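Please look over the sequence and the structure before reading on.

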Amino acid sequence: MAIEQKKLKNGEKRYRASVYHLGDRIKGDWHKLNNQAKYDEAVLTKELSEGLFVKKTSKLFSEITEDYFSLIAPRNMNETNLYNEWSLYQKHIAPTFGSRKITSIKPIEIQKWLATKEKTYANSYVVRMCLIMNKVFKQAQSWEFMKFNPMDRVDKPKIKYKRFDTWTKKEITKFLNQAEGYHSYIVFWLAINTGMRLGEILGLHWSDINFHEKYIDLTEGLDRRTGKRTSLKTKASERYIYLSKSQINILKEHKVSQTIDTEIVCASKVGSYMMHRNVRRAMETICKKSGVKKIRFHDLRHTHATLLSQIEKNPRIVQERLGHADVRMTLDVYTHVQDTSHKQSANSFSDFLTKK
């Protein structure tokens, strides 16, 4: 063990730790003070003896990111998400951090970068940037290229869930009555009755429906970009959606009524997959004709979840039916429903105490 010393051109001195271990010389960073180098020496000695030392890498952030996207990401996300995250990385992260050594990136630099992004882009978009950065740094830690994840010391933006509109039972009835004459009727019916996402509905095959046990075995969805069936974005999205006897009967009737032999539940008139944009266009037209307020297609999922939350007090049931990865996501999105339930509980308790 030793403290190395060097003199700069201006006469100032710099110090660094130098620790000999198993035939190799491990050196610390240069410091202005000898005491700082001694502290490094103590830390290095402890880490080396306990097997916790991680040798600094010269790898660039872009090199680790490329390895992550080629080796790890494909195992944990579908093709669409993989494409979207890689595109986001190339557009927003690579220009700032790609050419930097990964160990040189400091939390304060990431914090300042985030601050500029938050001024321009939506909260959800910036949150996705943070998630990608965190996954890359975390993987670098796992591969022992760095000791600390700088994202752990960054004040990351919290997810701000968008406000969404829902329909009442009366509005649902008016809409579906008007939609009956449209080829896409079954798409809207499934969204309202199951809470499935549009891609999940459009990619649904008859083989995914167990008519005897009355459930949908959901494992794939239609990729809007490629027009092909692909795995769902998370493992939590793969789920069983149970149906009532009357709901199963409606699907049986729809299958019989299909004028073309196809495996696709929500097939186009020629038996192919329906297009996302055509369904949304039809929904806008039906809203106008039925006189119900215009909402997004995804709000049909919120409508289903909101109504279900009012009758199902166990949030985990709602979570699993929607395919949320974490019950906290369900609670965060549908807080207003929980608030209503709490108010009802308060009133009921008050009535109980004051009742003679």
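Predicted model: local features only at pLDDT ≥ 70, side-chain atom pairs only at ≥ 80, totals over all residues.

Local features need pLDDT of at least 70, side-chain atom pairs count only at pLDDT 80 or more, totals for chains, interfaces and linings use all residues, and side-chain values use heavy atoms, with hydrogens and water left out.

Q: Which residues have the most contacts inside the largest nonpolar core?

A: A nonpolar core is a set of buried Ala, Val, Leu, Ile, Met, Phe, Trp, Tyr and Cys residues joined through side-chain atoms within 4.5 Å; buried means under 20% relative accessible area, exposed over 50%, partly exposed in between (1.4 Å probe, protein chains only). Here the largest core has 39 residues, and F175, V187, F188, L190 and F297 have the most contacts inside it.

Q: Which helix gives the most to this core?

A: Helices are DSSP runs (H or I, at least four residues), as are strands (E, at least two), numbered from the N terminus. Helix 7 gives the most, with 7 residues.

Q: How many salt bridges are found in the whole structure?

A: Side chains of opposite charge can pair when their charged atoms come close. A salt bridge is a side-chain nitrogen of Lys or Arg within 4 Å of a carboxyl oxygen of Asp or Glu. The search finds 11.

Q: What is the salt-bridge partner of E85?

A: E85 pairs with K135, their closest N and O atoms being 3.1 Å apart. E85 is in helix 3 and K135 in helix 5, 50 residues apart. E85 is buried at 15% relative accessibility, while K135 is partly exposed at 27%.

Definitions and conventions
Residues numbered from 1 in each chain as written.
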